[in-house]
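Have the structure open while you read.

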Amino acid sequence: MNRTIPGVAGLAQEWMRNPRPRRRPRLRLVCFPHAGGSARFFYPWLRELPVAVELLAVQYPGRDDRLDEPVLDRMDLLTDPLAEAVAEVADVPLVLFGHSMGASVAFEVARRLDSRSPDLVRHLFVSARPAPFSSDPTLRQQRDDDTLIRELARLGGTDPTLFDDPEIRTTLLPAIRGDYRLIEGYRYRAGPPLTCATTAVVGSHDPEVPNRLAEGWQAATTGTFALRVMPGGHFYLTERRSELIAYLLTALGMRGGHGGGHASTP
């Protein structure tokens with residue numbers, strides 16, 4: 001899969017994957033995966049995106065082609081270099097989309113970019129995550145491997161039979177465990193609200209994110225806010241990918257996506 005971001009080197013190349021470069025993108029959609037997730041999670045989105053949108057998927061350390069790097073289990077250690085990397089691709093308007101843990105990561109990156117210039121981020125989409133100042137700050141008990149795997153199965157984002165293979169189990173669990181430490185240890189630090197438009201998207205049957213906690217994101221920005229509830233659970237976006245991307249494009253004032261005439265081919 002192509003890692004090249006045309007005209008960009010340095011941190012952007014390290015932190016983001018560009019599966020299909022666009023010649024003249026009108027905007028860049030930077031996507032932040034969930035706990036244990038990798039950039040590959042967002043590659044199927046290419047089937048739905050118009051050619052004017054360039055997809056950049058964040059690759060956290062400790063997985064896939066960064067497997068030999070240590071997992072970062074503290075939010076600032078992750079978001080400080082990530083914000084620098086995203087700033088390098090801000091020559092066209094940026095839209096950030098984060099799912100679950102990735103929503104909190106995207107939010108903290110947006111805060112850092114906003115402190116530089118309020119025009120760097122056009123829109124922030126936070127998916128399947130309570131607002132940072134409305135979530136339970138209590139750390140959960142340390143999970144053994146089997147408990148962690150059962151929790152992943154409950155949320156629906158990972159096929160639990162993958163962990164029947166001891167090699168896969170050894171490869172995947174360290175990143176998942178490190179991500180859980182990061183998000184459960186994350187504490188919101190008060191500061192100026194964002195200025196960009198912000199949309200919270202949740203599944204209608206998500207056991208982790210009731211609507212009242214998603215609505216709290218409205219206090220995170222002085223820009224426009226919307227809450228979108230879609231059918232499904234915590235990983236609603238897997239089954240509702242086409243519907244979700246069509247909604248994102250509509251919210252951004254763009255044509256394309258599922259059923260549109262400007263979507264790219266696989």
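1. Start with glutamate 243, which forms a salt bridge with arginine 240, the closest N and O atoms being 3.0 Å apart. Keep in mind that this is a predicted model. Glutamate 243 is partly exposed at 31% relative accessibility, and arginine 240 is partly exposed too, at 32%.

2. The count of salt bridges comes to 14. One of them joins arginine 66 and glutamate 14, at 3.1 Å from N to O. These two sit 52 residues apart, with arginine 66 in the loop between strand E3 and H2 and glutamate 14 in helix H1. Arginine 66 is buried at 2%, while glutamate 14 is partly exposed at 34%.

3. Now look at arginine 28 and glutamate 54, whose closest N and O atoms are 2.6 Å apart in a salt bridge. The pair links strand E2 to strand E3, 26 residues apart. Arginine 28 is buried at 5% relative accessible area, and glutamate 54 is buried at 0%.

4. On to the helices: the axes of H2 (residues 75-87) and H3 come within 9 Å and cross at roughly 55 degrees, so the two are oblique to each other. The crossing is right-handed. Among the residues making the contact are Leu78 and Leu82 of H2 and Val105 and Val109 of H3. The contact residues divide into nine nonpolar, two polar and six charged.

5. Asp80, Glu108, Arg111 and Arg112 are linked in a salt-bridge network. Arginine 111 belongs to H3 (residues 101-116) and is buried, with a relative accessible area of 16%.

Notes
Residues are numbered from 1 along each chain as its sequence is written. This is a predicted model: local features need pLDDT of at least 70, side-chain atom pairs count only at pLDDT 80 or more; totals for chains, interfaces and linings use all residues. Side-chain values use heavy atoms; hydrogens and water are left out. Helices (H or I, at least four residues) and strands (E, at least two) are DSSP runs, numbered from the N terminus. Buried means under 20% relative accessible area, exposed over 50%, partly exposed in between (1.4 Å probe, protein chains only). Axes are lines fitted to C-alpha atoms, for helices over the stretch in contact, and angles run from 0 to 180 degrees between N-to-C directions. Angles under 35 degrees count as roughly parallel, over 145 as roughly antiparallel, 65 to 115 as roughly perpendicular and the rest as oblique. A crossing is left-handed if the near helix is turned anticlockwise from the far one by less than a right angle, and right-handed if clockwise. Contact means heavy atoms within 4.5 Å. Ala, Val, Leu, Ile, Met, Phe, Trp, Tyr, Cys and Pro count as nonpolar, Asp, Glu, Lys and Arg as charged, and the others, Gly among them, as polar. A salt bridge is a side-chain nitrogen of Lys or Arg within 4 Å of a carboxyl oxygen of Asp or Glu.
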